[in-house]
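Here is a short briefing on one chain. Please look over the sequence and the structure before reading on.

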Amino acid sequence: MTVSDRPLRADAQRNRDKLLAVATLAFAAEGEDVALETIAARAGVGIGTLYRHFPNRDALVVAAYQHEVDALCAAAADLLAAQPADEALRAWAERFADYVATKRGMGNALRSAAATDSPLFARTRERILGALRLLVEAGAASGTLRTDVDPTDVMRVINGIWYLPSGPQWRADVGRMLDLVIDGLRYGVPQRKQRARSVSASAQS
(Lines give C-alpha, C1' and ligand atoms only; values in the text may rest on other atoms or scores of the structure.)
Protein backbone atom coordinates (compact mmCIF):
# COMPACT_ATOMS: atom_id res chain seq x y z
CA MET A 1 0.00 0.00 0.00
CA THR A 2 1.38 3.42 -0.96
CA VAL A 3 1.04 6.54 1.12
CA SER A 4 -1.61 7.88 -1.25
CA ASP A 5 -3.63 4.66 -0.90
CA ARG A 6 -3.83 4.81 2.87
CA PRO A 7 -7.15 5.88 4.38
CA LEU A 8 -7.14 9.39 5.76
CA ARG A 9 -7.27 9.98 9.49
CA ALA A 10 -10.69 11.05 10.68
CA ASP A 11 -9.65 14.68 11.16
CA ALA A 12 -7.96 14.79 7.75
CA GLN A 13 -11.07 13.31 6.12
CA ARG A 14 -13.24 15.92 7.79
CA ASN A 15 -10.97 18.69 6.51
CA ARG A 16 -11.06 17.25 3.00
CA ASP A 17 -14.85 16.97 3.05
CA LYS A 18 -15.19 20.56 4.28
CA LEU A 19 -12.85 21.81 1.58
CA LEU A 20 -14.80 20.00 -1.12
CA ALA A 21 -18.16 21.29 0.12
CA VAL A 22 -16.90 24.88 0.31
CA ALA A 23 -15.08 24.66 -3.02
CA THR A 24 -18.14 23.34 -4.82
CA LEU A 25 -20.24 26.26 -3.61
CA ALA A 26 -17.49 28.80 -4.26
CA PHE A 27 -16.71 27.69 -7.81
CA ALA A 28 -20.41 27.47 -8.64
CA ALA A 29 -21.25 30.91 -7.24
CA GLU A 30 -18.06 32.88 -7.93
CA GLY A 31 -16.37 31.13 -10.84
CA GLU A 32 -12.85 29.93 -11.42
CA ASP A 33 -11.13 33.06 -10.05
CA VAL A 34 -12.09 32.58 -6.40
CA ALA A 35 -8.89 32.53 -4.36
CA LEU A 36 -7.82 29.23 -2.87
CA GLU A 37 -6.97 31.10 0.34
CA THR A 38 -10.63 32.17 0.49
CA ILE A 39 -11.80 28.58 0.13
CA ALA A 40 -9.42 27.42 2.86
CA ALA A 41 -10.56 30.19 5.20
CA ARG A 42 -14.24 29.41 4.65
CA ALA A 43 -13.54 25.74 5.37
CA GLY A 44 -11.78 26.71 8.59
CA VAL A 45 -8.38 25.34 7.59
CA GLY A 46 -5.03 26.80 6.56
CA ILE A 47 -3.88 27.07 2.97
CA GLY A 48 -1.22 24.45 3.70
CA THR A 49 -3.96 21.96 4.57
CA LEU A 50 -5.70 22.69 1.28
CA TYR A 51 -2.50 22.05 -0.69
CA ARG A 52 -1.82 18.82 1.18
CA HIS A 53 -5.10 17.48 -0.15
CA PHE A 54 -5.16 19.24 -3.54
CA PRO A 55 -1.81 20.23 -5.07
CA ASN A 56 -3.31 22.85 -7.41
CA ARG A 57 -6.53 24.58 -8.42
CA ASP A 58 -7.38 22.11 -11.18
CA ALA A 59 -7.10 19.18 -8.77
CA LEU A 60 -9.51 20.90 -6.37
CA VAL A 61 -12.00 21.73 -9.13
CA VAL A 62 -12.06 18.15 -10.42
CA ALA A 63 -12.33 16.72 -6.90
CA ALA A 64 -15.21 19.09 -6.06
CA TYR A 65 -17.02 18.02 -9.21
CA GLN A 66 -16.47 14.33 -8.45
CA HIS A 67 -17.68 14.92 -4.88
CA GLU A 68 -20.94 16.30 -6.27
CA VAL A 69 -21.31 13.31 -8.60
CA ASP A 70 -20.62 10.90 -5.73
CA ALA A 71 -23.40 12.48 -3.67
CA LEU A 72 -25.85 12.33 -6.57
CA CYS A 73 -25.15 8.67 -7.32
CA ALA A 74 -25.24 7.59 -3.66
CA ALA A 75 -28.60 9.32 -3.23
CA ALA A 76 -30.34 6.77 -5.49
CA ALA A 77 -29.94 3.84 -3.10
CA ASP A 78 -30.56 6.02 -0.04
CA LEU A 79 -33.85 7.32 -1.44
CA LEU A 80 -34.98 3.84 -2.49
CA ALA A 81 -34.43 2.63 1.05
CA ALA A 82 -36.70 5.34 2.42
CA GLN A 83 -39.66 5.60 0.03
CA PRO A 84 -41.51 3.95 -2.88
CA ALA A 85 -39.50 3.81 -6.09
CA ASP A 86 -41.56 6.35 -8.04
CA GLU A 87 -41.28 8.87 -5.22
CA ALA A 88 -37.58 8.08 -4.84
CA LEU A 89 -37.09 8.80 -8.55
CA ARG A 90 -38.90 12.14 -8.25
CA ALA A 91 -36.73 13.11 -5.26
CA TRP A 92 -33.59 11.98 -7.09
CA ALA A 93 -34.58 14.10 -10.08
CA GLU A 94 -34.49 17.12 -7.76
CA ARG A 95 -30.97 16.11 -6.72
CA PHE A 96 -30.09 15.86 -10.40
CA ALA A 97 -31.37 19.41 -10.89
CA ASP A 98 -29.07 20.54 -8.05
CA TYR A 99 -26.19 18.80 -9.82
CA VAL A 100 -27.03 20.54 -13.11
CA ALA A 101 -27.17 23.93 -11.39
CA THR A 102 -23.80 23.30 -9.73
CA LYS A 103 -22.13 22.10 -12.91
CA ARG A 104 -23.47 25.06 -14.86
CA GLY A 105 -22.08 27.37 -12.21
CA MET A 106 -18.72 25.59 -12.25
CA GLY A 107 -18.62 25.68 -16.05
CA ASN A 108 -15.55 27.81 -16.68
CA ALA A 109 -13.59 26.39 -13.77
CA LEU A 110 -14.38 22.84 -14.85
CA ARG A 111 -13.51 23.51 -18.49
CA SER A 112 -10.18 24.93 -17.38
CA ALA A 113 -9.46 21.87 -15.25
CA ALA A 114 -10.55 19.11 -17.61
CA ALA A 115 -10.97 18.94 -21.38
CA THR A 116 -14.47 18.38 -22.73
CA ASP A 117 -13.45 14.97 -24.06
CA SER A 118 -11.83 13.94 -20.77
CA PRO A 119 -12.60 10.36 -19.64
CA LEU A 120 -13.84 11.98 -16.42
CA PHE A 121 -17.05 13.08 -18.11
CA ALA A 122 -17.66 9.76 -19.86
CA ARG A 123 -17.28 7.95 -16.52
CA THR A 124 -19.58 10.46 -14.88
CA ARG A 125 -22.31 9.92 -17.47
CA GLU A 126 -22.11 6.16 -16.97
CA ARG A 127 -22.30 6.48 -13.18
CA ILE A 128 -25.30 8.80 -13.29
CA LEU A 129 -27.04 6.57 -15.81
CA GLY A 130 -26.38 3.62 -13.49
CA ALA A 131 -28.04 5.44 -10.58
CA LEU A 132 -31.02 6.29 -12.76
CA ARG A 133 -31.25 2.68 -13.98
CA LEU A 134 -31.37 1.48 -10.37
CA LEU A 135 -34.39 3.71 -9.72
CA VAL A 136 -36.24 2.94 -12.95
CA GLU A 137 -35.78 -0.81 -12.60
CA ALA A 138 -36.86 -0.71 -8.95
CA GLY A 139 -39.99 1.15 -9.98
CA ALA A 140 -40.77 -1.38 -12.70
CA ALA A 141 -40.20 -4.29 -10.31
CA SER A 142 -42.41 -2.77 -7.60
CA GLY A 143 -45.21 -1.78 -9.96
CA THR A 144 -44.92 1.95 -9.37
CA LEU A 145 -43.34 2.80 -12.75
CA ARG A 146 -43.82 1.54 -16.29
CA THR A 147 -41.90 -1.55 -17.34
CA ASP A 148 -41.36 -0.52 -20.98
CA VAL A 149 -38.92 2.32 -20.30
CA ASP A 150 -35.25 2.48 -21.24
CA PRO A 151 -33.30 4.44 -18.59
CA THR A 152 -31.21 5.96 -21.39
CA ASP A 153 -34.35 7.55 -22.82
CA VAL A 154 -35.27 8.92 -19.40
CA MET A 155 -31.81 10.46 -19.10
CA ARG A 156 -32.17 12.07 -22.52
CA VAL A 157 -35.46 13.63 -21.47
CA ILE A 158 -34.35 14.97 -18.09
CA ASN A 159 -31.15 16.27 -19.65
CA GLY A 160 -33.43 18.80 -21.29
CA ILE A 161 -33.26 20.86 -18.11
CA TRP A 162 -29.75 21.87 -19.20
CA TYR A 163 -31.34 23.94 -21.94
CA LEU A 164 -33.95 25.78 -19.91
CA PRO A 165 -33.08 29.50 -19.78
CA SER A 166 -31.20 30.61 -16.67
CA GLY A 167 -32.82 33.03 -14.29
CA PRO A 168 -34.90 33.21 -11.11
CA GLN A 169 -37.64 31.09 -12.70
CA TRP A 170 -35.27 28.25 -13.66
CA ARG A 171 -35.95 26.04 -10.65
CA ALA A 172 -39.74 26.41 -10.95
CA ASP A 173 -39.52 25.55 -14.66
CA VAL A 174 -37.40 22.51 -13.80
CA GLY A 175 -39.94 21.33 -11.21
CA ARG A 176 -42.81 21.45 -13.70
CA MET A 177 -40.77 19.60 -16.32
CA LEU A 178 -39.75 16.88 -13.87
CA ASP A 179 -43.36 16.42 -12.76
CA LEU A 180 -44.33 15.78 -16.38
CA VAL A 181 -41.52 13.25 -16.80
CA ILE A 182 -42.38 11.29 -13.66
CA ASP A 183 -46.10 11.34 -14.43
CA GLY A 184 -45.27 9.91 -17.86
CA LEU A 185 -43.28 7.11 -16.24
CA ARG A 186 -46.23 6.34 -13.95
CA TYR A 187 -48.81 6.39 -16.75
CA GLY A 188 -50.87 3.22 -17.07
CA VAL A 189 -49.20 1.36 -14.20
CA PRO A 190 -51.76 -1.20 -12.87
CA GLN A 191 -50.65 -0.94 -9.23
CA ARG A 192 -51.05 2.83 -9.28
CA LYS A 193 -54.55 2.46 -10.76
CA GLN A 194 -55.43 0.00 -8.01
CA ARG A 195 -54.01 2.36 -5.38
CA ALA A 196 -56.08 5.24 -6.78
CA ARG A 197 -59.25 3.11 -6.67
CA SER A 198 -58.51 2.10 -3.08
CA VAL A 199 -57.99 5.71 -2.02
CA SER A 200 -61.21 6.73 -3.75
CA ALA A 201 -63.17 3.90 -2.10
CA SER A 202 -61.80 4.84 1.32
CA ALA A 203 -62.79 8.44 0.82
CA GLN A 204 -66.35 7.47 -0.09
CA SER A 205 -66.86 5.07 2.84
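Why does Thr 24 count as buried? Its relative accessibility is 6%, so Thr 24 is classed as buried (buried is under 20% relative accessible area, exposed over 50%, partly exposed in between, with a 1.4 Å probe and protein chains only). This is a predicted model, in which local features need pLDDT of at least 70, side-chain atom pairs count only at pLDDT 80 or more, and totals for chains, interfaces and linings use all residues. Residues are numbered from 1 along each chain as its sequence is written, and side-chain values use heavy atoms, with hydrogens and water left out.

**Confidence**
- Mean pLDDT for the chain is 84, and 87% of its residues reach 70 or more (pLDDT is the predictor's confidence in each residue, from 0 to 100).
- Over residues 196–205, pLDDT stays under 50. The model has zero contacts beyond four places in sequence for that stretch (contact means heavy atoms within 4.5 Å).

**Thr 24 and helix α1**
- Thr 24 is found in helix α1 (helices are DSSP runs of H or I with at least four residues, strands are runs of E with at least two, and both are numbered from the N terminus).
- Leaving out residues up to four places away in sequence, Thr 24 touches Ala 64, Glu 68, Thr 102 and Met 106.
- Thr 24 and Gly 105 lie 81 residues apart along the chain, yet their C-alpha atoms are separated by 9.3 Å.
- Helix α1 has 21 residues and reaches 30 Å from its first C-alpha to its last, close to the expected 30 Å (the expected span is 1.5 Å times one less than the number of residues).
- Buried residues of α1 include Leu 19, Leu 20, Ala 23 and Phe 27.
- The cover over the buried residues of α1 includes α2 (36–43), α3 (47–53), α4, α5 (85–105) and α6 (107–113).

**Packing of α1 on α4**
- The axes of α1 (residues 10–30) and α4 (residues 57–82) come within 9 Å and cross at roughly 95°.
- The two helices, α1 and α4, are therefore roughly perpendicular to each other (angles of 65 to 115 degrees count as roughly perpendicular, under 35 as roughly parallel, over 145 as roughly antiparallel and the rest as oblique).
- On the α1 side, the contact is made by Arg 16, Leu 20, Ala 23, Thr 24 and Phe 27.
- Residues of α4 in the contact include Leu 60, Val 61, Ala 64 and Glu 68.

Terms used
Axes are lines fitted to C-alpha atoms, for helices over the stretch in contact, and angles run from 0 to 180 degrees between N-to-C directions.
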